[in-house]
Amino acid sequence: ASYSLPDLPYGYGALEPYIDTDTMNLHHTKHHQAYITNLNKIIEGNAALKGMSLEDICQNVATVDIPDAARTGLRNHGGGHFNHSMFWQVMSPVGDSNVAPGSELKAAIDAQFGSMDEMK
């Protein structure tokens with residue numbers, strides 16, 4: 001498998017004023033891209049990793065048949081790519097997120113406390 005930088009689900013400036021445009025751009029195009037570039041280099045040099053999903057790589061980093069010298073890089077770069085990919089998905093611009101709990105959580109809160117306001 002060869003990985004590429006995923007598109008963000010929003011623009012670089014969408015999270016302002018909490019995260020500024022330059023920080024988002026740098027973190028996405030430089031930091032996250034570096035994890036992907038280095039992960040792909042490790043995969044290219046280790047046949048045991050070819051065809052493995054990112055999840056499989058992260059779950060099996062301690063036991064996959066690769067030289068120990070590549071293991072730390074695999075953990076850092078595979079984990080960095082996985083975490084950043086998740087990170088971009090869990091953040092959202094103001095007004096775009098569901099700030100109320102989902103139905104199951106809301107039912108549990110209502111049962112225990114009576115309402116969100118009472119819980120607060």
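Let's start with Asn 46, which is buried, with a relative accessible area of 11%. Here, buried means under 20% relative accessible area, exposed means over 50%, and partly exposed is in between, using a 1.4 Å probe and protein chains only. Before going on, keep in mind that this is a predicted model, where local features need pLDDT of at least 70, side-chain atom pairs count only at pLDDT 80 or more, and totals for chains, interfaces and linings use all residues. Residues are numbered from 1 along each chain as its sequence is written, and side-chain values use heavy atoms, with hydrogens and water left out.

So where is Asn 46? Look in the loop between α1 (21–44) and α2 (54–59). Helices (H or I, at least four residues) and strands (E, at least two) are DSSP runs, numbered from the N terminus. A polar atom of the Asn 46 side chain lies 2.8 Å from the backbone oxygen of Ile 42. If you skip residues up to four places away in sequence, Asn 46 touches Ile 66, Pro 67 and Ala 70; contact means heavy atoms within 4.5 Å.

Now for the inside. The largest nonpolar core has 14 residues, and Tyr 3, Leu 49 and Leu 74 touch the most other members. A nonpolar core is a set of buried Ala, Val, Leu, Ile, Met, Phe, Trp, Tyr and Cys residues joined through side-chain atoms within 4.5 Å. Two or more residues of this core come from each of α1, α2 and α3, and α1 gives the most, with four residues.

Leaving aside neighbours within four places in sequence, Met 24 is in contact with Leu 8, Tyr 10, Leu 15 and Trp 88, among others. Is Met 24 buried or exposed? Met 24 counts as buried because its relative accessibility is 2%. Along the chain, Met 24 and Thr 37 are 13 residues apart in sequence and 19 Å apart in space, C-alpha to C-alpha.

Finally, take a look at Val 90, which lies in helix α3 (residues 68–90). Val 90 counts as exposed because its relative accessible area is 64%.

Methods. Polar contact = N/O pair within 3.5 Å; in protein donor to acceptor, adjacent residues only side chain to side chain.
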